[in-house]
Amino acid sequence: MNTRRLTMAQALIVFLKNQYVERDGQQHQFFAGVLGIFGHGNVAGIGQALQQNPDLPYIPVRNEQSAVHLAAAFAKAGNRMRAMACTSSIGPGATNMITGAALATINRLPVLLLPGEIFARRNVAPVLQQLESPSTQDIGVNDCFRPVSRYWDRIYRPEQLITALPEAMRVLTSPSDCGAVTLCLPQDVQTEAYDYPEELFRKRVWLIRRGQADRLSLERAVEAIRSSRRQLIVAGGGVLMSEASAALDKFVAQTGIPVAETQAGKGSLPWDHPQDVGAIGATGTLAANRLAHNADLVIGIGTRYADFTTASMTAFQNPDVRFVNINTAEFDACKVAAIPVIADARETLEQLPGKLVGFRVSQELAAEIAGLKTEWEAEVDRLFHLNNPGRPAQSEVIGAIWEASGPRDVLLSAAGSHPGDLHKLWRTRTPNGYHMEYGYSCMAYEIPGAMGAKMADPTRQVYVFLGDGTYLMMPTEITTSVQEGVKIIIVLVDNGGFGSIGNLSRSVGSGGFGTSRRQRSQVSGELDADALQVDFVANARSLGAHARKAETLADLKGALQWAKGTDRTTVIVIETDPAIGVPGYDSWWDVAVAEVSEMESVRQARARYEEARKQERYHL
Ligand SMILES: Cc1ncc(C[n+]2csc(CCOP(=O)(O)OP(=O)(O)O)c2C)c(N)n1
Ligand SMILES: [Mg+2]
């Protein structure tokens, strides 16, 4: 057997360089780079190996959490055909990645995490940053990655890599099981040499399978479509991951079935497609939510049925409603007692038209779809052009960005009041033009996430929509975007604090407690004194970006044109009127309210809550 003597870290990096994926006859090198921060737990191992393999680029970031966000966004924007790895030191550097790991796993996105680990050798323990336990020596902070990883392993001996790496790749390239993969790398083992079989480093091409549906399940799905009267498709992220937009377009053009979109599935069809009825669920459009309310057949494609999609199990009220789920994951396909079609979305959508020849939705449903769509588009136009006196409303800011953006541009966001508003209002023109991280809805995803999206396709302009709260949580990757020459345009909407949670707090009777950006009053002891002034423009400039404040909507429009021509990351700050929100449209979200309280407002909210909950259904 031919062998190559390498350190464990060197072997790992050389292996990563030789992994490829293939789908539809196209091959891609799977790993585009390694992100991270060095410390004593990785500098001499993975750090040294990266230095001697410059063809796998190393990108230093400012916070390990953002490394994982960037990697997750990169994978999402590339429909999981490419990925990145993240390296950290031991201890805090490692645990900083846990939030990102959860985000990746929840969104089913492949990221490879390589946290450093305490000495396997143990004789010098406890090392700096080691968690000790009186009951075992076989525990450390990296065990916290177990529940948030799809595959987790600890490499105590250099030869364990030989069996761990293929498992890691199997999970990272699985269309149904992918998520964060964590390989914990003890700092001593990273540096140990071993005679690795040469075979480990050969070019390996992982086929991204397009699974075919089981014949009987598909027949039952077709029969369900033919025998129902009010069909509705719920397009989830799986449609985009499978690159099934053209097949979906063809299928619904033939059958007339309307398509509602989840946050992850938004953009499956262009907004002006006659069958596209927009966002569904708690943040849904009137058109989609009315159709969902009465549907007797819901065809979920690549959706997890998260609570925002089902409006906390209130969206589907037809007593006879049944479900068909097309999904690569059996786990998701079997939700809501559906007929499970465990298969690739595109593959299935290409088969269905042939099996539904002569089928078309009823004329009543077709007329209803057209009417609801016209009504909804008028509502979007109204919200885009409110002519709000004084500071603009958030919906007007969204309208201005939409009007300034081009057909292939990407709008990216994650947490705050804007995911809900954008889900309703953004008019997506091309697949992946709407990049919302709403599986984990993680504040701080936005800036590194936008970098990931931009790196996945540098030909697309990426607009980041974020709030003052999110900006203050983690603006620092702006520096990394300048370092890498990855330009993004950030629109920072300042509404004086956590607007979304403030509204939520008011709706549960708590009056916005703890959610506005104010100083503590010397008199009341509460956070109700002057607004906390933050110079966002100066802050963004200090990190290396171009920045300017827009005072009015007209000013914002000018700034957006200016931002297109700048040479690096550009931040536009605009203050909005927090009082003018986008309403909900026949929707609900279950946020539990205190059952007993000293406060009358909470008791009233609880009474409303108990009433609303009566709409929640089991689909059995
Ligand atoms: C890491 C993280 N912490 C807390 C939350 C809960 N949360 C959701 S939105 C939000 C407020 C965000 O404020 P801002 O970015 O200003 O947006 P706004 O709500 O004002 O639109 C908070 C705290 C979250 N989603 N992520
Ligand atoms: Mg805010």
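A polar contact here is a pair of N or O atoms within 3.5 Å. By that cut-off, Met443 qualifies: one of its backbone N or O atoms lies 3.3 Å from a nitrogen atom of ligand 1. The model is predicted.

**Polar contacts of ligand 1**

- Gly469 uses its backbone: an N or O atom there sits 2.7 Å from an oxygen atom of ligand 1.
- Asn495 uses its side chain, with a polar atom 2.9 Å from an oxygen atom of ligand 1.
- Of the 580 Å² of accessible area that ligand 1 has on its own, the protein covers 78%.

**The shell around ligand 1**

- Two elements each give two or more residues to the shell: helix H19 (468–473) and helix H21 (499–507).
- H19 supplies the largest share, four residues.
- In total, 17 residues surround ligand 1.
- The closest are Ser417, Gly469, Gly497, Gly499 and Ser500.
- Polar residues number eleven in this shell. Five residues are nonpolar, and one is charged.

**The magnesium site (ligand 2)**

- Three residues provide the protein donors: Asp468 through OD, Asn495 through OD1 and Gly497 through O.
- These donors lie 2.0 to 2.1 Å from the magnesium ion.
- Along the chain, the donors follow the spacing D-x26-N-x1-G.
- Asp468 belongs to helix H19, while Gly497 sits in the loop between strand S21 (489–494) and H21. The pair therefore ties together parts that are 29 residues apart in sequence.
- Is Asp468 buried or exposed? Asp468 counts as buried, because its relative accessibility is 1% and the cut-off for buried is under 20%.
- Gly497 has a relative accessible area of 10%, so this residue is buried too.

**Links between the two sites**

- Asn495 makes a polar side-chain contact with ligand 1 and also donates OD1 to the magnesium ion.
- Gly497 is listed among the residues closest to ligand 1 and gives its O atom to the magnesium ion.

- Ser88 is part of strand S6, which spans residues 83–88.
- Its relative accessible area is 0%, so Ser88 is buried.
- Which residues does Ser88 touch, not counting those up to four places away in sequence? They are Ile37, Asn42, Glu64, Gly93, Ala94, Met97, Leu114, Pro115 and Gly116.

Methods:
Residues numbered from 1 in each chain as written. Chains lettered and ligands numbered in written order. Predicted model: local features only at pLDDT ≥ 70, side-chain atom pairs only at ≥ 80, totals over all residues. Heavy atoms only, no water. Near = heavy atom within 4 Å. Polar contact = N/O pair within 3.5 Å; in protein donor to acceptor, adjacent residues only side chain to side chain. Areas by Shrake-Rupley, 256 points an atom, 1.4 Å probe, with all protein chains shown as cover. Nonpolar A, V, L, I, M, F, W, Y, C, P; charged D, E, K, R; others polar. Donors = N, O, S within 2.8 Å, 3.2 Å for Na, K, Ca; no water. Buried < 20%, exposed > 50% of the residue type's maximum accessible area, 1.4 Å probe, protein only. Contact = heavy atoms within 4.5 Å.
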